[in-house]
Amino acid sequence: MEGGAFRHTLDLLISIYDATTGRAVEESSLSFKRDGKEVRAEYRGEGSYIFLNAGRDNSLMHISVKGFEDAYVNLDYEKLDKILPAVDVFLIPSENTAKGEALVTLQGKLNGLVSVEAIHPGRPVTTLRDLDVKRRTMTIFMPNRRMNMTQSRYGLLNAEKQTFETIEVEAELTDRKIRLKQNPLEEFPINSPICRIVYGQVKEDGSYLFRVRDDGKNLKYLVKYVVDGQNRYKVIDFHEPEEIRLD
C-alpha cells in the first residue's frame with residue numbers, strides 16, 4: 001500500500017499583543033471561539049497562533065485571555081491576504097489582573113463611534129527624516145541605535161495640526177529605512193514623530209473602552225476617534241479625571 005500524504009492548509013494567523021505596551025502576549029491560559037464554537041490553534045511563539053484546515057468562511061472570532069478583556073474580531077476574508085490571512089489583535093488589560101498594575105480607563109458611549117486609538121506624542125519610536133514618494137520608502141532618524149519597529153502600524157504625528165495618520169510598514173530595508181504599504185495622504189515636515197498606536201475597543205452600540213498603564217509619568221495622549229466616518233481628535237491627560245471622556 002502506498003503511503004498517504006497529509007496536506008494542511010494555513011487558514012489564519014492571529015498575533016496577540018498587549019494594547020498598552022505593544023508587546024506580544026505570552027499568556028498560556030487562553031481560548032478561541034469561532035461563531036461560538038471553540039477552535040484549536042497552534043502556538044508559534046511571540047504571541048502568534050495558526051489555524052490549520054479551519055476553513056475560510058467569514059465569521060466572528062472570540063478571544064479570551066487571562067488578565068485581559070475579551071476581544072471580538074470580525075474575520076472578513078475578502079479583506080485579508082489570500083496567501084497568508086493574518087490578523088493582529090490588541091488586548092486591553094483587565095482591571096482585575098492579578099499583577100496589580102495601575103491602569104487608567106477611558107470608557108463611555110458615543111453614538112456613531114466606530115473606532116478609538118491614540119498615540120503618546122512625548123514617547124516617539126523614531127522620527128521622519130525623508131520620504132521617497134515614488135518608491136514608498138521612508139528614512140527614519142535614530143541616532144546611535146538601530147531601528148526597533150516591531151509593529152506593522154504606527155502613527156505619524158502632525159504636531160501643528162494635532163492629528164496623526166496611520167502608516168503601515170511593508171518591509172524593513174535597512175536599519176534606518178522602511179517601505180510603506182502606501183504613502184501618507186498628506187505632507188509631513190522633517191522630524192515629525194512616529195509613535196506606537198494604542199488601540200481601544202468599540203462595540204456596535206458606540207460603547208467604548210480604552211486603557212493605558214499608569215507609570216507615574218506624563219500621560220497626555222492624542223486620541224483619534226471616528227464618528228460617522230469623520231476623524232475627531234482630542235488631547236487627553238489621563239492624570240486629569242475631568243478630561244477623560246469623548247464628546
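Biologist: Asp 35, buried or exposed?
Modeller: Asp 35 counts as exposed, because its relative accessibility is 51%, where buried means under 20% relative accessible area, exposed over 50%, and partly exposed in between, with a 1.4 Å probe and protein chains only. This is a predicted model, in which local features need pLDDT of at least 70 and side-chain atom pairs count only at pLDDT 80 or more, while totals for chains, interfaces and linings use all residues. Residues are numbered from 1 along each chain as its sequence is written, and side-chain values use heavy atoms, with hydrogens and water left out.

Biologist: Where is Asp 35 found, and what is its phi?
Modeller: Asp 35 is found in the loop between strand 2 (30-34) and strand 3 (37-39), strands being DSSP runs of E with at least two residues and helices runs of H or I with at least four, numbered from the N terminus. The phi of Asp 35 is near 50°, which is a positive value in a residue other than glycine.

Biologist: And what about Glu 46?
Modeller: Glu 46 has a positive phi as well, near 55°, and is a residue other than glycine. Its place is the loop between strand 4 (42-43) and strand 5 (48-52), and Glu 46 counts as exposed because its relative accessibility is 64%.

Biologist: Zooming out, how many helices and strands does the chain have?
Modeller: The chain has zero helices and 21 strands. Of its 247 residues, 43% are buried, and among contacts between residues at least 6 apart in sequence, 64% join residues at least 24 apart, a contact meaning heavy atoms within 4.5 Å.

Biologist: What is the radius of gyration, and what box do the C-alpha atoms fill?
Modeller: The radius of gyration is 20 Å, which agrees with the value near 18 Å that a compact globule of 247 residues would have; the radius is taken over C-alpha atoms, and the globule rule is 2.2 Å times the number of residues to the power 0.38. Taken along the principal axes, the C-alpha atoms fill a box of roughly 70 × 45 × 35 Å.

Biologist: How many charged side chains, positive and negative?
Modeller: There are 36 positive and 39 negative side chains, and the centres of the two sets lie 3 Å apart. Lys and Arg count as positive and Asp and Glu as negative, without His or the chain ends, and the place of a charge is taken as NZ of Lys, CZ of Arg, CG of Asp or CD of Glu.

Biologist: Now strand 1: how many of its residues are buried?
Modeller: Eight of the nine residues of strand 1 (residues 10-18) are buried, so strand 1 is largely enclosed by the rest of the structure.

Biologist: Which strands does strand 1 pair with, and in what sense?
Modeller: Strand 1 pairs with strand 5 in the antiparallel sense over five bridges, and with strand 8 (residues 86-91) in the parallel sense over six bridges, where two strands pair if DSSP finds at least two bridges between them. Ser 15 stands opposite Ser 48 in strand 5, while Ile 14 stands opposite Val 87 in strand 8.

Biologist: Why is strand 13 largely enclosed?
Modeller: Five of the six residues of strand 13 (residues 153-158) are buried, so the rest of the structure largely encloses it. Strand 13 pairs antiparallel with strand 14 (residues 163-174) over six bridges, with Leu 156 opposite Glu 165 in strand 14, and also pairs antiparallel with strand 16 (residues 193-196) over three bridges, where Cys 195 is the bridge partner of Gly 155.

Biologist: Which residue takes a positive phi in the hairpin of strand 13 and strand 14?
Modeller: Gln 162 does, with phi near 55°, in a hairpin that has four residues between the strands.

Biologist: Last one, Thr 139: buried or exposed, and which residues are in contact with it?
Modeller: Thr 139, in strand 12 (residues 137-141), is buried, with a relative accessible area of 17%. Leaving aside its neighbours within four places in sequence, Thr 139 is in contact with residues including Thr 127, Leu 128 and Arg 176.
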